[in-house]
Amino acid sequence: MTKLLSVVVSVYNEELALREFYAETGKILKRLPGNWDYEFLFVNDGSRDQSLSILKEFAASDEKVKIVNFSRNFGHEAAMIAGLDYAGGDGIVCMDADLQHPPECLPEIVEKFDEAKEKQRQETDGIQQRSEE
């Protein structure tokens, strides 16, 4: 079964960084383990530059890109919360568009998601077996 990783990205006046972020992070995401797919969920926090236009370009050419657009700047935390609300993934990672968070860490994060899920499954199986005795 394929799982979905939602990459939630807060955007505020990031026109200079967006193309590099999208290209670099996309390269990493394409190398996720075979049981994982991904989506980009960009939250435009009322940018006054060309950020929204750039995001629309991404979305027009890539079905994995989704955009939440705020009418004005509500702040980083509000953007992240909106991203969490709209994310459809089995796992969610929040990132900033300025590459402050290294996308190279994403495969390791996905591995940790899988390890945690497996541990949870084993613990649940153990509880069920004890209750059947």
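What percentage of the contacts in the protein chain with a separation of 6 or more is accounted for by residues 24 or more positions apart? With contact taken as heavy atoms within 4.5 Å, such residues account for 77% of these contacts. The structure is a predicted model, in which local features need pLDDT of at least 70 and side-chain atom pairs count only at pLDDT 80 or more, whereas totals for chains, interfaces and linings use all residues. Residues are numbered from 1 along each chain as its sequence is written, and side-chain values use heavy atoms, with hydrogens and water left out.

The secondary structure of the protein chain comprises 4 helices and 4 strands, where helices (H or I, at least four residues) and strands (E, at least two) are DSSP runs numbered from the N terminus. Read from the N terminus, these elements follow the order β-α-β-α-β-α-β-α. The C-alpha trace spans about 65 × 30 × 25 Å along its principal axes. Of the 133 residues in the protein chain, 40% are buried; here buried means under 20% relative accessible area, exposed means over 50%, and partly exposed lies in between (1.4 Å probe, protein chains only). The protein chain exposes about 8000 Å², of which carbon and sulfur atoms supply 49%, the accessible areas coming from the Shrake-Rupley method with a 1.4 Å probe and, for residues, with only the protein chains shown counting as cover. Lys and Arg count as positive and Asp and Glu as negative, with His and the chain ends not counted, and each charge is placed at NZ of Lys, CZ of Arg, CG of Asp or CD of Glu. On this basis, the mean positions of the 15 positive and 26 negative charges are 2 Å apart.

In helix α3 (residues 76–86), the buried residues are A79, M80, A82 and G83. Seen down the axis of α3, these buried residues fall within an arc of 160°, so they line one face of the helix; the arc is that of the directions from the helix axis to the C-beta atoms. An α-helix has 3.6 residues a turn, so residues three or four places apart point the same way. The cover over the buried residues of α3 includes β1, β2 (36–44) and β4, while the face turned away from the buried side carries the exposed residues E77, I81 and D85.

Helix α2 (residues 51–61) contains S51, which counts as buried because its relative accessibility is 0%. Leaving aside neighbours within four places in sequence, S51 is in contact with V11, N13, E14, E15, L18 and N44. N13, one of these partners, is located in the loop between β1 (3–11) and α1 (18–29) and counts as partly exposed at 32% relative accessibility.

Most residues other than glycine have a negative phi. N13, although not a glycine, has a positive phi of about 50°, and L99, also not a glycine, has a positive phi of about 65°. L99 is placed in the loop between β4 (91–96) and α4 (106–132) and, at 24% relative accessibility, counts as partly exposed.

With a disulfide defined as a pair of cysteine sulfur atoms within 2.5 Å, the count comes to 0 disulfides. The sulfur of C94 is 15 Å from the closest cysteine sulfur, that of C105, and is therefore too far for a bond. C94 is partly exposed at 33% relative accessibility, and C105 is partly exposed with a relative accessible area of 34%.
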